[in-house]
Structures are given as structure tokens and as C-alpha cells.
Amino acid sequence: MMQDIIFVCSTALMYAAPLIFAAQGGALSETAGIVNIGLEGMMCVGAAFAVIGSWATGSPFVGLLCAGVAGGALAWLHAYACVRCRADHTVSGVAMNMLGMGAAFFAVRFFFDALTSPVVAKLPRAAGVDTCTVAGLALCVLLHVFIFRTWPGQHIRAVGEHIAAAKTLGIDTVGWQTACVTASGVLAGFGGAAVSIGIVSNFQPTTISGQGFIALAAVILGRRQPLGVGCACLLFGAAQALAVRLGAWEAIPSQFINMTPYVLTLCVLALIPPKSKTATGLL
Amino acid sequence: MKSVLTVLTEAVLALAAAAVVLLLGGGDPLQCLGILWRMIVLNPKNIVNVIVGAAPIIITGIAISFAYASSLFNIGAEGQFIMASAAAAVVGASIDLPAPLAYPLVIVCGMAAGALYAGISGWLRARRGVSEVISGIMLNWCALHFSNYLIRLPALHDPNTQQTVQIATGALDPLCRWQLTEQGLAQIVASPLLREIVGRTSINLAIVYAVAAACVCAYILRRTTLGFRLRAVGLGAPAAELAGMDIKRSIMQSMMISGAIVGLAGALQVVGVSWCISTLNGFENYGFNGLSVALMAHGSALGCIPAGLLFSALTLGGRLIQAFSGTPSEVISIMIGAVVFMTAISPVITTLPDRLLGLFKRGRG
């Protein structure tokens with residue numbers, strides 16, 4: 001029993017790490033008023049380029065860097081469409097998911113001649129704990145301080161809450177929005193890397209299958225606040241860990257546990273409607 | 001005229017993007033185009049394959065366009081498709097009725113499942129103000145896991161496979177049923193062309209439904225009071241409300257009709273192509289591809305027909321290109337992603353022909 005609890009807790013932390021990175025990215029982007037439903041695609045390129053970088057240089061940290069750059073580049077496109085061209089956030093986000101998956105699979109097939117990459121060097125574990133988990137938990141606190149306790153954070157919140165008012169105060173709205181969306185892609189890319197070179201050590205077509213959307217659910221459940229989003233990610237990580245642990249148990253089919261992040265988000269949305277509309281009216 | 005120019009500009013830009021990606025990946029764009037032409041346009045079997053592949057995404061595209069007329073973004077089409085397929089498979093496997101009853105019943109059950117599932121999103125949007133995009137994404141994943149759960153049930157599971165048991169013969173698509181009769185089989189074997197296009201494909205009647213659905217939707221949206229109301233709500237909900245229109249009811253109606261059309265696609269896929277449902281490791285993308293089709297067609301129901309055929313031809317083409325020249329088929333996904341991205345930035349694209357023409361005129365003047 002004790003062993004089971006330890007297993008579920010450690011697995012939950014492991015699965016939560018990628019979610020935390022991607023969800024914090026999504027929350028940052030939404031704080032600046034741009035909805036990013038392209039997290040899945042950005043995680044996908046991140047996961048692919050992390051493996052490619054790690055394979056090419058033998059260093060997982062270079063892989064992590066590649067993942068950030070790839071995710072950020074894709075997110076920059078989203079920023080360009082949404083901020084400069086005033087595109088519909090949803091349509092552009094859908095395009096990001098397609099482009100992200102297309103680019104990831106294309107790149108992996110280009111480098112490895114197959115959709116499954118060879119095994120590459122993983123990110124190290126420190127004292128039995130995944131570095132990604134520690135980094136992810138630290139990120140939650142750092143972002144909380146950044147958003148609520150510093151002047152750039154204040155500017156970002158102002159842009160997201162009322163863009164016209166922010167503009168009249170002389171805040172560079174275009175710059176902040178572009179920066180936040182791009183940063184969200186970098187974080188989502190790290191999230192992808194946390195799966196492909198953190199949890200496992202290669203890339204497969206199913207490496208990223210829904211984590212980006214679970215992260216999106218966490219953004220909503222956590223009400224876009226870094227600490228709330230972090231807790232939501234831990235909860236969803238625990239749900240995934242339970243699904244793994246109870247896999248063969250008949251009383252509760254694992255499919256229903258897999259559904260929990262989504263059902264929970266829907267219930268919370270239905271029962272506790274948000275008090276104020278966001279700038280985009282999405283939440 | 002202007003919208004046609006926009007669509008053409010988008011197509012050319014997407015082709016250019018694909019060509020750049022191909023060149024980066026060491027491929028030859030012209031050779032790929034040659035393969036596409038030879039293998040698809042000049043090959044009857046592949047023409048049928050393109051049509052069979054296009055039918056479901058044309059129908060889901062029409063459904064998404066229909067909701068889009070009321071400014072609703074039915075991203076939950078994927079989940080509605082899965083639920084409809086599941087309903088069709090369950091009903092189809094458990095009934096024992098003559099064909100004239102079983103076939104329509106299965107399709108109606110699929111449509112009802114799609115409509116009800118879309119109704120959840122519609123209710124959340126109308127009554128709770130929850131974006132249909134967010135609820136749709138969540139419901140997609142619920143549908144995926146629920147369908148996988150259904151397949152594992154002993155009553156439905158086909159032992160030693162990842163599938164449910166096959167649906168009753170009476171519930172199959174008329175063309176499939178004809179193939180299974182002795183007389184039909186004899187006719188297919190006798191003719192080389194039929195052997196090629198019927199024997200070696202999953203030919204079915206779904207495309208007929210697709211064309212009919214496009215016409216019906218275009219008619220409802222343009223020529224009926226219901227369509228007028230739905231479009232008015234889409235163009236400006238406050239104005240429509242002032243004019244006495246019931247916004248909440250309109251949102252529910254729009255979502256449920258859209259869901260029913262997606263359900264039609266899901267049921268047709270089961271009765272005409274798969275005859276059962278299989279365990280899903282990920283989405284089969286019928287809904288998401290329908291989204292691309294609808295965006296490629298700029299929200300026009302009739303425009304979904306050519307857009308869906310093009311989409312299907314490109315997808316099949318991607319596989320063929322990979323088989324014949326080793327170029328990764330993912331270049332097609334990138335190309336379609338580029339098309340969707342260009343619809344997103346279409347305000348810029350729309351002015352592009354004008355700007356280019358402006359340059360040209362200035363150059364002459």
C-alpha cells in the first residue's frame with residue numbers, strides 16, 4: 001500500500017512536469033490576452049527537436065535549447081497572426097497544431113528516416129528526482145512573482161485586461177503580446193522536451209498525444225494564475241499516474257480516469273462560471 | 001471575384017510553402033507534382049479512393065461551416081464524429097431488422113448521438129457562457145476514451161481484435177450490401193473496371209449524402225427564416241436580440257444541427273467503410289480535417305465539396321509521394337497547416353492581390 005502511494009506520487013510528479021511547462025506558457029499568453037490553443041503543436045515540435053538536438057550533440061541540454069527555439073519559432077508565427085494581423089486566435093491556434101505536428105514528424109523522418117527516433121541522452125536526475133519536476137515547480141513560483149510582483153508583470157496584466165487602456169498609458173502592447181506568446185511557445189517546447197528527453201528518451205508519433213490539451217484544461221481550471229495552474233497540473237498528473245497504476249483494475253476502467261482532467265474542467269466551467277470576461281471572452 | 005482571388009492566392013502561397021519545405025528536405029517539388037498527377041488524376045481506383053476519403057470530411061466541413069454562420073466554432077466535431085460512429089456501431093451490431101429499416105435507423109441514431117453531444121457544448125455556451133471551443137476540445141477527449149471503453153465491453157468486443165463486432169448486414173451501405181450479394185459479386189468479377197473501382201476500394205454512397213447535405217445547408221442558411229436568424233445571431237448577437245430573436249435557442253439549434261450533420265458523417269463511415277469501430281490511440285482527424293476543409297472553403301457549405309476533394313487528394317497524394325520518391329508525407333500536413341494559417345491571416349491575404357495589382361499599376365504609371 002505504502003509502495004503504491006509512493007509510486008503514484010512520484011509518477012504524478014513526473015507526468016505533471018511537462019504539463020506545468022506548457023500550461024504556464026498558455027497561462028502567460030492568456031494573461032496578455034492571446035489565447036493559445038496551439039500548445040499541443042508547440043509541445044510536439046519541442047519534443048521532436050529536443051530529441052534531434054540531443055542526438056546530434058549528445059547533450060540533452062542542447063536538446064532542451066533546440067526545443068525552446070523550435071516551440072518559440074512556432075509561437076512567434078501565432079503571435080504574428082494574432083497581434084499584427086488580428087487573426088482569430090482559434091483558427092491560428094488550429095493551424096499551429098497542424099504545422100507543429102507536420103513539422104515535428106517531417107523533421108524526425110528527415111533525420112532518422114522513420115517516425116520513431118533512436119534512443120538519445122536523457123536529462124539527468126538529481127537525488128532521485130527529475131530535474132524537470134523541480135524546474136517546473138520552481139517555474140510556478142517564479143512566474144507568480146513575475147506576474148504579480150514586478151512591473152513587467154503588471155504591464156502584461158494591463159495589456160490582457162484592457163488593451164486600449166494599456167495603450168493610452170504608453171505600454172507597448174504589440175511588443176508585450178508578441179513576447180508573451182513567443183515565451184509561451186518556448187515553455188511549451190520545454191514541456192515537449194520534458195516528455196521526449198525527460199520521461200522517455202526518444203520520439204514516437206504518440207509521444208505527444210493530448211498533453212497540450214490537458215495543459216489547456218489546466219490553464220482554465222487554474223484560472224490563468226501561475227500557482228492555480230500549477231496545482232491543476234499536479235492534479236492532472238495524479239490522474240494520469242492513477243490511470244497507469246489502475247490500468248488493469250476492473251472496478252474503475254482506466255478510460256474513465258483518463259477522462260478526469262477533461263470532465264473536471266467541464267464541470268468547474270459549468271458550475272462556477274467565471275466572474276469577469278477576459279479580453280477575449282474565452283474563459 | 002475577390003473571394004476567388006483570395007482562395008487562389010492562398011492556394012499558391014501554400015504550394016510555395018510546401019515547395020520550400022520539400023527543397024529543404026532534399027526533395028524535388030516538380031517530381032512530386034508529376035507523381036500526384038499520374039497517380040491520382042489518371043488512375044480510376046485512386047479517383048474513387050479520393051472521393052471515399054473526401055466524403056466524411058466534406059460532411060464534417062459542412063457541419064462546421066453551418067455552425068460558423070452563427071459565429072460558433074465547432075471544434076468538437078471530432079468528438080461528435082466518434083460518438084456518432086460509436087452509436088452507429090452499437091445499434092448496427094445489436095439490431096436484427098430488414099435492410100429498409102436497419103440502414104436508416106443506424107444513420108438516424110448516429111445523427112442523434114452527434115446532435116446530443118454537440119448539444120452539451122451548445123448548452124454550456126448558451127446557458128453558462130462557456131466557450132464552445134474549450135468545451136469542444138474537452139469533449140473530444142472524453143469521446144475518445146468513452147469509445148475505447150465501449151469497445152472493451154464483452155457484449156460488443158470482437159475477441160482477439162481491437163474492434164467491435166461487425167454491424168448487421170442489413171445496416172450496411174446499399175453499395176456494400178450489393179457487393180455482398182452473389183449477383184453483385186458476379187457483376188464485379190465480370191468487369192475489369194468494376195473490379196478495380198469497387199473490388200479494391202471502400203466505395204459507398206457517402207458522397208451523395210455529402211452533396212445533398214451541402215445543398216440543404218446552403219438552402220437553409222440562405223433561404224429560410226431559421227437560416228436568417230442563425231446568421232443574424234452570428235453577425236451581431238446584441239442586434240439580433242434587440243430584433244426579438246432568441247439568442248440562446250439559436251445557439252442550441254445551430255450547435256445541434258451542426259452536430260447532427262457531423263453525426264451523419266460518423267454513421268456513414270461505419271455503415272460504408274469500417275463496419276465497426278476500433279480502439280483509438282489518437283484522433284482519426286475526421287473532425288479536425290473538416291475544420292480545415294471549412295476554413296479552406298471560407299465557411300461556404302458548397303465550397304466544402306471542392307475543398308474536401310482537394311484535401312483528400314492531397315492526403316492520398318502525400319502517401320503516394322512517400323511510397324514513390326521517399327519524400328516524407330508530412331509535407332502535406334505542413335501544406336494544409338499553411339493553408340489554415342493563411343485563412344487566419346486572411347485580412348492580409350485579401351489585400352495582397354490588390355496590393356500586387358497596385359504595385360503593377362504604379363509600375364506602369
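Across all chains, the structure holds three salt bridges, a salt bridge being a side-chain nitrogen of Lys or Arg within 4 Å of a carboxyl oxygen of Asp or Glu. This is a predicted model, in which local features need pLDDT of at least 70, side-chain atom pairs count only at pLDDT 80 or more, and totals for chains, interfaces and linings use all residues. Residues are numbered from 1 along each chain as its sequence is written, chains are lettered from A and ligands numbered from 1 in the order in which they are written, and side-chain values use heavy atoms, leaving out hydrogens and water.

**Salt bridges**

- Glu330(B) pairs with Arg109(A), with 3.0 Å between the closest N and O atoms.
- This pair joins two chains, because Glu330(B) sits in helix 16 (residues 330–344) of chain B and Arg109(A) in helix 4 (residues 89–112) of chain A; helices here are DSSP runs (H or I, at least four residues), numbered from the N terminus.
- Both Glu330(B) and Arg109(A) are buried (buried is under 20% relative accessible area, exposed over 50%, partly exposed in between, with a 1.4 Å probe and protein chains only).
- Glu132(B) and Arg125(B) form a salt bridge at 2.6 Å, N to O; Glu132(B) is buried at 5% relative accessibility, whereas Arg125(B) is partly exposed at 30%.
- Glu196(B) and Arg200(B) form a salt bridge at 3.2 Å, N to O; Glu196(B) is partly exposed at 25%, and Arg200(B) is exposed at 52%.

**Helix 1 against helix 9, chain A**

- The axes of helix 1 (residues 2–31) of chain A and helix 9 (residues 211–221) of chain A come within 8 Å and cross at roughly 55°; axes are lines fitted to C-alpha atoms over the stretch in contact, with angles from 0 to 180 degrees between N-to-C directions.
- That makes helix 1 of chain A oblique to helix 9 of chain A (under 35 degrees is roughly parallel, over 145 roughly antiparallel, 65 to 115 roughly perpendicular, the rest oblique).
- Residues of helix 1 of chain A, including Leu19(A), Gly26(A) and Glu30(A), meet residues of helix 9 of chain A, among them Ile214(A) and Val219(A), where contact means heavy atoms within 4.5 Å.

**Helix 2 against helix 9, chain A**

- The axes of helix 2 (residues 39–57) of chain A and helix 9 of chain A come within 7 Å and cross at roughly 135°.
- That makes helix 2 of chain A oblique to helix 9 of chain A.
- Leu39(A), Glu40(A) and Met43(A) of helix 2 of chain A make the contact with Gln211(A), Gly212(A), Phe213(A), Ala215(A) and Leu216(A) of helix 9 of chain A.
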